[in-house]
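Here is a short briefing to read alongside the model. Please keep the sequence and the 3D view open as you go.

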Amino acid sequence: MFKEGSPIAYDAPAELKKWPSLKGERQKDRGPPYLVYNGTLADCVRELMGKPIKGISLYDIMTKPQAAFDQTVLSPGDAAEIAMRKDFPKDSPKA
């Protein structure tokens, strides 16, 4: 999904959003996703990876396209792939 060798700006603004759900399933007809967390791309990935695995599919990360990826919505699978990159900052700079 990501272009090999292209850097990712982990400090880019991003939002973690959650879809309305019923019985663990996205309910797209019940409105748009709502804001759960606002911060950097790296922070949003960390927040998402900290959620219970059972409900992780209800979340998306919204950010601006970058050279490494051309979409504005990153799925939980995309976030996991980002988190596994060697250059992903493992610790939040706030810590």
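Which residue in β4 does Lys-17 stand opposite? Lys-17 stands opposite Leu-35. This is a predicted model, in which local features need pLDDT of at least 70 and side-chain atom pairs count only at pLDDT 80 or more, while totals for chains, interfaces and linings use all residues. Residues are numbered from 1 along each chain as its sequence is written, and side-chain values use heavy atoms, with hydrogens and water left out.

**Overall build**
- The chain holds two helices and six strands, where helices (H or I, at least four residues) and strands (E, at least two) are DSSP runs numbered from the N terminus.
- Along the sequence, these elements follow the pattern β-β-β-β-α-β-β-α.
- The radius of gyration, taken over C-alpha atoms, is 13 Å, which agrees with the value near 12 Å that a compact globule of 95 residues would have; the globule rule is 2.2 Å times the number of residues to the power 0.38.
- The C-alpha atoms fill a box of roughly 40 × 30 × 20 Å along the principal axes.

**The sheet**
- Four strands form an open sheet in the order β4-β1-β5-β6, with antiparallel pairing; two strands pair if DSSP finds at least two bridges between them.
- β4 (34–40) and β6 (73–74) stand at the edges with a single partner strand each, so one side of each has no neighbour in the sheet.
- Strand β1 (residues 13–18) is joined to β4 by six bridges and to β5 by five.
- Two bridges link β5 to β6 in the antiparallel sense, and Ile-61 has Leu-74 of β6 as its bridge partner.

**Burial**
- Of the 95 residues in the chain, 40% are buried, meaning under 20% relative accessible area with a 1.4 Å probe, protein chains only.
- In a regular strand the side chains alternate between the two faces of the sheet.
- Both faces of β5 are covered, with Tyr-59, Ile-61 and Thr-63 buried on one side and Asp-60 and Met-62 buried on the other.
- Five of the five residues in β5 (residues 59–63) are therefore counted as buried, by the under 20% cut-off.

**Contacts across the chain**
- Among contacts (heavy atoms within 4.5 Å) with a separation of 6 or more, 60% come from residues 24 or more positions apart.

Terms used: Buried < 20%, exposed > 50% of the residue type's maximum accessible area, 1.4 Å probe, protein only.
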